[in-house]
Amino acid sequence: MGTPESVVVTEGKAAGAAPSRVRRWVNSLVWAVSVPLAFTVAAWLAQLPSVGIYVGVVLALGTFAVAATVAGGVWHRAGAAVLVSCGGFALTLFAGPGLYELYMKTLGEKVPAVVTKVEERDDKRYCTVEEATGDRAVHEISQQQNCFDHIKPRQRVTLRQDPMGVLEPRLPDGPDQEGQTSLTLAISAGLFAVTGGSMFYAGQRRR
């Protein structure tokens, strides 16, 4: 039969183990949410004109380095670190365009316009578009804003403009682009879950 002292020690260890498991669970959950969220924010920032893409790239690379170091180096879960790295990199490729398209299609202001010129430069396609109302502002729109083969010179189009004036205007989808935004967002959601789940697993199974 154990002495009172041994009972106290055993009960103390059991009581201390529960908070330790809770702290690990909460810590893992924080990492599981913050890492894919940081990748998503980086992808969104990359859609901003001018310096936005540089800020987004720096944030994405920083998140990549921190997540890989923590999961693979600190927690010693190399497999999870690879999944986090690959999932996070793919997430930045899909989340940015998907969120941009969703935002412009949902909140973008419709402006009638005319395509005045379509040209190829450095293996990229550019569309020059003139608004048909107001001050007839002229925009040069790249493939990032949907300047593809479905846009032709002298074609009348409906631009979607950012009501806050931050993002570049977007050209309408072509016939073969139906449902593409939904697919991009679905892939992004899956990659978010894979990245976060891998980070959570690594945190729970840390050594």
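Is Trp44 buried, partly exposed or exposed? Trp44 is partly exposed, with a relative accessible area of 28%. Here buried means under 20% relative accessible area, exposed means over 50%, and partly exposed is in between, with a 1.4 Å probe and protein chains only.

Some notes on the model. It is a predicted model, in which local features need pLDDT of at least 70, side-chain atom pairs count only at pLDDT 80 or more, and totals for chains, interfaces and linings use all residues. Residues are numbered from 1 along each chain as its sequence is written, and side-chain values use heavy atoms, with hydrogens and water left out.

Now the rings. There are three aromatic pairs in the structure. Rings of Phe, Tyr and Trp (its six-membered ring) pair if their centres lie within 6.5 Å; planes under 30 degrees apart count as stacked, over 60 as edge-to-face, and the rest as tilted.

One of the pairs is Trp31 with Trp75: the centres are 6.1 Å apart and the planes stand at 85°, so this pair is edge-to-face. Trp31 belongs to helix α1 (residues 4-45), while Trp75 is in the loop between α2 (52-74) and α3 (78-107), 44 residues apart. Helices are DSSP runs of H or I, at least four residues, numbered from the N terminus. Trp31 is partly exposed at 23% relative accessibility, whereas Trp75 is buried at 5%.

Back to Trp44. Its ring pairs edge-to-face with Tyr103, at 5.9 Å centre to centre and 80° between the planes. This pair links helix α1 to helix α3 across 59 residues. Tyr103 is buried, at 17% relative accessibility.

Lastly, a charge. Arg121 lies over the face of Tyr126, 4.2 Å from the ring centre; the criterion is NZ of Lys or CZ of Arg within 6 Å of the ring centre and within 35 degrees of the ring normal.

Note on methods:
Helices (H or I, at least four residues) and strands (E, at least two) are DSSP runs, numbered from the N terminus.
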